[in-house]
Amino acid sequence: MHNTNSDSKDKKFFKSLTLPIHIYLTLIILLSLFLTAVMFFLQTNGLYDLKEVFEKTNYLPVLLNFLPIFLLALLLFFLLNNFVLSAGIIALLVIAASYVNRYKIILRQDPLLPWDFSLLNEVVAILNGVDMRLFLGIFVGLVLIIFFTILLNLFFKTPKINLPIRIGVAVLLIILLSVLNKNVYANVNLFDSLYVKGNVYNQVESFNSKGFVYSFLYASNINKLKKFDGYNKEIVETMKNKYSENLSGNDKKINVFIVMSEAFSDISDNDALDFSGTFDPLENFKKIRENSLNGHIVVPGLGGGTADTEFDVLTAINTRNFRGAPFAYRIVNKPLESIASILNSLGFGNTAIHPGHAWFYNRQNVYKFFGFSKFIDITNYPDDDMYKGMYVKENLAMDTIIEEFENHKKTNPEIPFLDFCVTIQNHGPYKDKYLVDTNFKTDLPLTEDDINSMSNYFEGLRDADEALGKLYDYVQSSDEPIAVLFFGDHLPAFSKTVYENLVDSEESDLTRLTNRYITPYLIFQNKSAEEIGKLENATKFERFSSNYLGAYFMNLIGYKNLDPYFDCTMEMMNKYPIVLEKQYFDSNYNLSDSADNTELKNYSYWQYYRIFEKLEEKK
């Protein structure tokens, strides 16, 4: 009997070990420190970079990332009265989010941001093209966390805490979190004062230096759409009246082709890369460039954000002024003036083409709001042989442009036409995308994965270049007057190492701040269009902000004085060719802060008005 009771007590003790409250509180502190370390470890910067950052900031980023983790863990502890469950939940959240942040940077050169959680459809679509083995680690890790949480919860019990005490402490913690969030995690001066290893305006390097948790919370507070400081509707009305004085009709009948090619860049045109014995990825581009107006645009994103560049070019509105939105198309929910609607006023027919899903970036609705009457999406490409690297082939997108134009000529020969196309084939990620061999040589210190990704990207770039050549040949052979704008949406999603070795430059403020954001453009026309009006370069700038490109193109081919905002945009381009979030380059490429520039403020007010106020008036 004695042995049985003893066994029963031992068994009971083993199943329900209860530790004092102060031990659990100590464990919460240790767990929070551990999770903070894991978060920093999972970032894409190296330990030496972190050492430099910590020394230059007196380890303040460690505290700023530790506090939210610790306070949230403490809050969960008092709400649930269960240490193991609280620890499991906070570990699951921090590790999962940190891991996703890491691989979003690797795949798209973009950190995990608050609004990413509202883009579930877009995220799932992107993941369809990713090697899911990349996520095996996070899957196993999360399963282990859940397993040990359940297991340890069977053996470790938390002493009962009086309900009034739990509620009181929880309320105090919520108040403390709220105060900290308002005064620390929404403090612009504090965020800007922290040292960044690399480019202070590069979001990835900023997140890596300041810590993912702190940066994520800061973005949650700051990146919200709100009326611009000092916004004055009367100023906008005055500007509208000024530029409306020059409005006139237009009897030109030049057909317009606008092509935004997925991740098209001239990054291969670099002395550090040798393509001898294989192919030149930009063979046609270089030939066409000799007889075209060309240069570079400074786009809003790196490795992603296609729709933001698209928005910039079509509307002439600078996406950088609306960083509070997950992407620019999210704020378009009513008719908005664009190149399409402006040309519609001249009686144009039009078609928008994007061989991807119509719902991606909400294009199925946005294109209607822009004034497009027809939208061709992925459903137009049903056969397997239409795809390469999981996406519709570049040359098929060019075929669709040509087919749409030919069909229009047959049915409406007297009406000019707008063909707008966003290609998709060379979308990342690039590792093993086309399963090609290495196609270039270099002495740069690149990893095998970097060389693999770049080789696959260059394979797709060659396809895009061949498609460009096909379109160019068609346009030049056509008797119909055609003008073409061709450009890339963003640089490819390569690793930080590639950009540090191949793109980054400290030669000047211009190269330092814009080299990761420049893509090439070409503007050309055929002989029939030249007879109506020959292209003459209207700018001295080799690179300028992408929101100027559409207005610049329209101006060049003679479709000007049709919209007062587009005319104002041309004037602003000549004064301030590059406008970033808080800085701008003037006509001599001198860098200045935007805060005291009244003209740029008023120009941004007009952009806000065009999107929001004017739409409100249409109700």
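Of the contacts in this protein with a separation of 6 or more, 77% are between residues 24 or more positions apart; contact means heavy atoms within 4.5 Å. This is a predicted model, in which local features need pLDDT of at least 70, side-chain atom pairs count only at pLDDT 80 or more, and totals for chains, interfaces and linings use all residues. Residues are numbered from 1 along each chain as its sequence is written, and side-chain values use heavy atoms, with hydrogens and water left out.

Confidence next. pLDDT is the predictor's confidence in each residue, from 0 to 100. The protein averages 89, and 92% of the residues score at least 70. Residues 6-14 stay under 50, and the model has one contact beyond four places in sequence for them. Residues 615-619 are also below 50, but that stretch has ten contacts beyond near neighbours in sequence.

Now the overall dimensions. The C-alpha trace spans about 110 × 60 × 50 Å along its principal axes. The protein exposes about 27,800 Å², with carbon and sulfur atoms supplying 56% of it; areas come from the Shrake-Rupley method with a 1.4 Å probe, and for residues only the protein chains shown count as cover.

Buried residues make up 55% of the 619. Buried means under 20% relative accessible area, exposed over 50%, and partly exposed in between, with a 1.4 Å probe and protein chains only.

On to the cores. A nonpolar core here is a set of buried Ala, Val, Leu, Ile, Met, Phe, Trp, Tyr and Cys residues joined through side-chain atoms within 4.5 Å. Which members of the largest one touch the most other members? They are Tyr329, Phe370 and Tyr552, out of 135 residues. Helix H18, residues 448-477, gives the most to this core, with eleven residues. Another core lies apart from it, with 50 residues, including Leu74, Phe78, Tyr103 and Phe191. In soluble globular proteins, nonpolar side chains tend to be buried together.

As for Tyr552, its contacts outside four places in sequence include Leu293, Tyr521, Phe544, Met570 and Met573.

Secondary structure: there are 24 helices and 15 strands. These are DSSP runs numbered from the N terminus, H or I of at least four residues for helices and E of at least two for strands. Two strands pair if DSSP finds at least two bridges between them. S14, residues 583-585, is joined to S15 by three bridges, and Tyr584 has Ser592 in S15 as its bridge partner.

Last, the backbone exceptions. Most residues other than glycine have a negative phi, and most peptide bonds are trans. Asn58, in the loop between helices H3 (47-56) and H4 (60-80), has phi near 55 degrees. Asn58 is exposed, at 69% relative accessible area. Met390, in the loop between strands S7 (387-388) and S8 (391-392), has phi of about 80 degrees. Met390 is also exposed, at 52%. The peptide bond joining Gly428 and Pro429 is cis, with omega about 0 degrees, and Pro429 lies in the loop between strand S9 (417-422) and H18.
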